[in-house]
Amino acid sequence: MRNISHEILGACLFDSENIALAIERGVTPAWFPTHGNIYKSLCELQEKQSWDKRNSVNVLDGAGIYQKHTSALDLSAITPEWAFNVEDFASALEVLAGEHARTILNGSISTAQSRLVSGDDPFDVGADLATEAETLDNIGDANRERTTKDIVAESLAIDKKIANGERFGLPFPWYDFQRKTFGLPTKAVVPLMGRDGVSKSRLATSLAHFWVSHNIPILYFAFEDSAERFMSNLAASHGEYDMFHIKRDHVNPDFMPRHEKSLDLVSDMPIFVEDQPCTAEKVFSIIARHKRKYGIEGVVIDGIKDVIFSGGEGTTSQENHRDATINRAAKRSNVSIMTISHINKIEEDQWISRRNITGSDNQNKSARMTLVYQDAGFPSDIRSEYMLDDGDMVLQCQKASYGDKGMVVLRPELEKGRFTEIPQGGIRY
């Protein structure tokens, strides 16, 4: 006979991301009638270490889980198919919640009947049952559907922020562009598209630095790079210097002390980096865990193409599954997600449309904002009004649900790790 609590524990022993989701759902040791102590130990271990299907046995053995809990090894052999899928695991947690609620209710009713037979005051018995009912409400609250009033209240809160000029989502560092677009909206995925090799990643790094320097916690998936190189580039943005200097034959003797100091400063900022390509479900889980532990408000996925397909039969179906999963992550964790996307091959001197995005067009269609890194094909009016030089670029908002579409003209100054706004008429300083 199926025992859902044993299967849940088997899934948690299989991958620490599952235990993180269980904690987020509000699962406690009391939900496991016979093995609550194992769940408690896994919760404590998950705060210190992570494990997955490749190293779970070694990690758990090294932490003494099998030695402390003799039945844990048997439970490790119970790995249901849904342990591999974050949404299926979440559904299994709701089944466990129902089983736990049923156990509580049966116990409460049995106790109430015994008290009534013993002659206890029925009003006291009823009051205690009402208290138990509140406990059941708390167990089911994580899966509570939002009412129309809930949605109206959230809508009003958002509209008040916009009307008052308050921050909503992730702000842009350029005043007029921010005032027009209202920044990256929360609970949304925003594609940043552009040609290969035009410093999209450096722009994303510069934006991430702006956010974390204003104490906005950010999770950065450096799929197209490494976590170490990303942190070096982030430090360069903070210190306003160029990391290319380190690749040259003669490194200035002042460079490394300056770089070391800048790295030390950014290490104290609320930035969290992941660089191992994974499935959209894993991305979903990592975002949820960082929201729970660190309160992240934004996510950057540098390399949406590097997210490993995990659902669907054809390429388009797989891309739609990936995009839908990441969209759900934005809504579930209440974060703004910016994805660095590529475009289909077009002429080098052609202005980019959001419809040129590589892969499923749902990236653009389902987005509430689309950003385009324009590096060529500038209309004559923009070129003349802004006195553009070679290397200048336009960050264009081609789609906006809350604010308005617009653009900002920028001069990449990679030797200073920044992107400087060019006002109409050119640089005035």
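This is a predicted model: local features need pLDDT of at least 70, side-chain atom pairs count only at pLDDT 80 or more; totals for chains, interfaces and linings use all residues.

Mentor: Let us begin with the general idea: in soluble globular proteins, nonpolar side chains tend to be buried together. Here, the largest nonpolar core has 55 residues. Those with the most contacts inside this core are Ile8, Leu42, Phe221, Ile287, Val299, Ile301 and Ile337.

Trainee: Which helix gives the largest share of this core?

Mentor: Helix α1, residues 4–14, supplies the largest share, with seven residues. A second, separate core has 42 residues, among them Phe172, Ile218, Ala222 and Ala235.

Trainee: With which residues is Ile301 in contact, leaving aside its neighbours within four places in sequence?

Mentor: The partners of Ile301, with those neighbours left aside, include Phe221, Phe223, Val283, Ile326 and Ile337.

Trainee: Is Glu281 buried or exposed?

Mentor: Buried means under 20% relative accessible area. Glu281 has a relative accessible area of 6%, and therefore it is buried. Glu281 lies in helix α14, residues 280–294. The side chains of Glu281 and His321 are joined by a polar contact of 2.6 Å. Leaving aside neighbours within four places in sequence, Glu281 is also in contact with residues including Asn85, Val86 and Ser310.

Trainee: Where does Ile246 lie?

Mentor: Ile246 is in the loop between α12 (227–239) and α13 (255–266). Ile246 counts as partly exposed because its relative accessibility is 37%. Together with Val251 and Met256, Ile246 forms a nonpolar patch on the surface, with about 220 Å² of accessible area in total.

Notes:
Residues are numbered from 1 along each chain as its sequence is written. Side-chain values use heavy atoms; hydrogens and water are left out. Patches are made of residues with over 30% relative accessible area and no salt bridge: like charges are joined within 9 Å, nonpolar side chains (Val, Leu, Ile, Met, Phe, Trp, Tyr) within 5 Å. Accessible areas come from the Shrake-Rupley method with a 1.4 Å probe; for residues, only the protein chains shown count as cover. A salt bridge is a side-chain nitrogen of Lys or Arg within 4 Å of a carboxyl oxygen of Asp or Glu. Helices (H or I, at least four residues) and strands (E, at least two) are DSSP runs, numbered from the N terminus. Buried means under 20% relative accessible area, exposed over 50%, partly exposed in between (1.4 Å probe, protein chains only). A nonpolar core is a set of buried Ala, Val, Leu, Ile, Met, Phe, Trp, Tyr and Cys residues joined through side-chain atoms within 4.5 Å. Contact means heavy atoms within 4.5 Å. A polar contact is a pair of N or O atoms within 3.5 Å; within protein, one must be able to donate a hydrogen and the other to accept it, and residues adjacent in sequence count only if both atoms are side-chain atoms.
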